[in-house]
Amino acid sequence: MDFIAMLTLFVLAIFLGVELITKVPPTLHTPLMSGSNAISGITLVGALIAAGDGNSIMVQIFGFIAVVLATINVVGGFMVTNRMLAMFKRK
Amino acid sequence: MHLADHWLNIAYLIAASLFVFGIKGLTKPRTAVRGNQMAASGMLIACVVTLFHRDIVGYEVIIAGLVIGGLIGAIMAIRVQMTSMPQMIALLNGFGGGASFAVATAGYLGGLSGAVALISTGAAVLIGAVTLTGSMVAFAKLQELISGKSIGFAGMKFVNALLLLGSLCAIGYLVVEPGNQMVFWALVVAAALLGLMLVLPIGGADMPVVIALLNSYSGVAASAAGFVTGNSALIITGSLVGASGLILTQIMCKAMNRSLTNVLFGVMAEAGSSMSDDEVYQGKVKSSSADEVAMILETAQRVVIVPGFGMAMAQAQHAVRELADTLEKRGTEVEYAIHPVAGRMPGHMNVLLAEAEVSYDKLKDMDTINPTFEQTDVAIVIGANDVTNPLAREDKGSPIYGMPILNVDKARTVVVVKRSLSSGFAGLPNPLFAKDNTLMLFGDGKQAIIDISTALKEA
């Protein structure tokens, strides 16, 4: 992807983010943080590609570290968010 | 089997859309669980299709990483206590930053070319490493492994400026000479140090801002990693999260009447005419008992409960709910007043009270509840201090002047449950404790609330 296209995505997504997040009520700010944390674990996508690299052992090592960290983020983040939100839903 | 790039990109687009729907779901407690599930399914789609990427030749390392990370994440999520949620978020922020850092490093070691890719790598390494080490310091402070007070030395800002400048120069140098690995590792070390040094001087009261800001960084780092690999999913998602953290940071700063730069550099406003504890409290503080408080509550029509970090410390949220139930059974109206920076992170009190099964529509934010204090018979302040300090409203010389507070002193009677008269994070005496209509109930928050409930039930 060329740089300008990436920059366009980046800037537009920030505007979208601002619009979306300002509507989240303060009651849900903690789940918002853990949930957005889980979403930022999307780095896992890049990590998987690095860890599956067959050419360089160094790339694989950092890929492995990245997969572990990002998976903690994804699994831990979504699960803990779910746990919190279930408490809000109860009543 | 490998999927062509355009199929992958379409799958990423679907994933990103599901993330957007997910965050949209978070705008209402009713739809939030479903929103979270949608976001999670988006993540699953993105990861599964990536496994068919043409550059992936072996799966051993991937499976090992997924299993280890998944286990650690699941155990953390199941075992963490709601009171420890700020630490958990700090850790997750750090891991997110660390993952982006590691992806960028792997990308660099795999051989990169072109100014855009190299600058993005530099940015991802810098922001990722700062987020990683900064979050670890925040975690250590919240977990009380190290002192929550500001830690620093003279000239720290100068050193930080040098580290940042050095990092930027290293990134610039890498663009000219990408093969120089020494420069790359120097950048890593400088960024890691910078993360440590940026968070060490920040005190406990400012933690909500720091956590929100590191949350934002972890998103920006993911975005930068997306620029490295040309991955639209990372760019979109990273900037969504970056925006989210930034908005929360702004809300927190506004609620403390501090500018972001003040928080970041650990600056507190200079005290003008600050009074000593003795001047404020001498002979004016009335110590009360659970029985006396229960007697006042017996005739109360409306009670507002004001929780703070002390409630979390004492694990008193269930006891508080119990007391509210007892009051409601007697026909008393009970609401909760939540200051935006009560606790150690945005929404901390809400989560604790939700854990104790308090209905979320009883949790009122500052602007909603403030006009109602005048019609409130009893305000029960439990473990909150600075966010109720009238100096913020009245004393122009006070360091916290201008900070929006909960006007609990306007209630007919104020009951403050607290261990002692010690000051809050701001280090100021609180004239609220010496007011005519204030009763102090000294002791452990949880026990004190249980005692009031018991006395009230016997009445």
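Q: In this predicted model, how are helix 4 and helix 5 (residues 115–142) of chain B packed, in angle and in axis separation?
A: Helix 4 of chain B packs against helix 5 of chain B at an angle of about 155 degrees, and their axes lie 7 Å apart.

Q: What makes helix 4 of chain B roughly antiparallel to helix 5 of chain B?
A: Angles over 145 degrees count as roughly antiparallel. The angle here is about 155 degrees, so helix 4 of chain B is roughly antiparallel to helix 5 of chain B. Their crossing is left-handed.

Q: Which classes of residue form the contact of helix 4 with helix 5 of chain B?
A: The contact has 14 nonpolar and 13 polar residues, and no charged ones.

Q: How many residues of chain B are in contact with chain A, and what counts as contact?
A: Residues are in contact if their C-beta atoms, placed from the backbone, lie within 7 Å. By that criterion, 95 residues of chain B are in contact with 78 residues of chain A. Helix 4 of chain B gives the most to this side of chain B, with 16 residues. The residues of that side comprise 57 nonpolar, 33 polar and five charged.

Q: How do you know that the span of helix 18 (residues 445–458) of chain B agrees with its number of residues?
A: At 1.5 Å a residue, its 14 residues should span 20 Å; the end C-alpha atoms of helix 18 are 20 Å apart, which agrees.

Q: Which residues of helix 18 of chain B are buried, and what covers them?
A: Among the buried residues are K446(B), I449(B), D451(B) and L456(B). The cover of the buried residues of helix 18 includes helix 12, helix 14 and strand 5 of chain B.

Key: Residues are numbered from 1 along each chain as its sequence is written. Chains are lettered from A and ligands numbered from 1 in the order in which they are written. This is a predicted model: local features need pLDDT of at least 70, side-chain atom pairs count only at pLDDT 80 or more; totals for chains, interfaces and linings use all residues. Two residues are in contact if their C-beta atoms, placed from the backbone, lie within 7 Å. Helices (H or I, at least four residues) and strands (E, at least two) are DSSP runs, numbered from the N terminus. Ala, Val, Leu, Ile, Met, Phe, Trp, Tyr, Cys and Pro count as nonpolar, Asp, Glu, Lys and Arg as charged, and the others, Gly among them, as polar. The expected span of a helix is 1.5 Å times one less than its number of residues. A residue is buried if 20 or more other C-beta atoms lie within 10 Å of its own, exposed if 12 or fewer, and partly exposed in between; C-beta atoms are placed from the backbone. Axes are lines fitted to C-alpha atoms, for helices over the stretch in contact, and angles run from 0 to 180 degrees between N-to-C directions. Angles under 35 degrees count as roughly parallel, over 145 as roughly antiparallel, 65 to 115 as roughly perpendicular and the rest as oblique. A crossing is left-handed if the near helix is turned anticlockwise from the far one by less than a right angle, and right-handed if clockwise.
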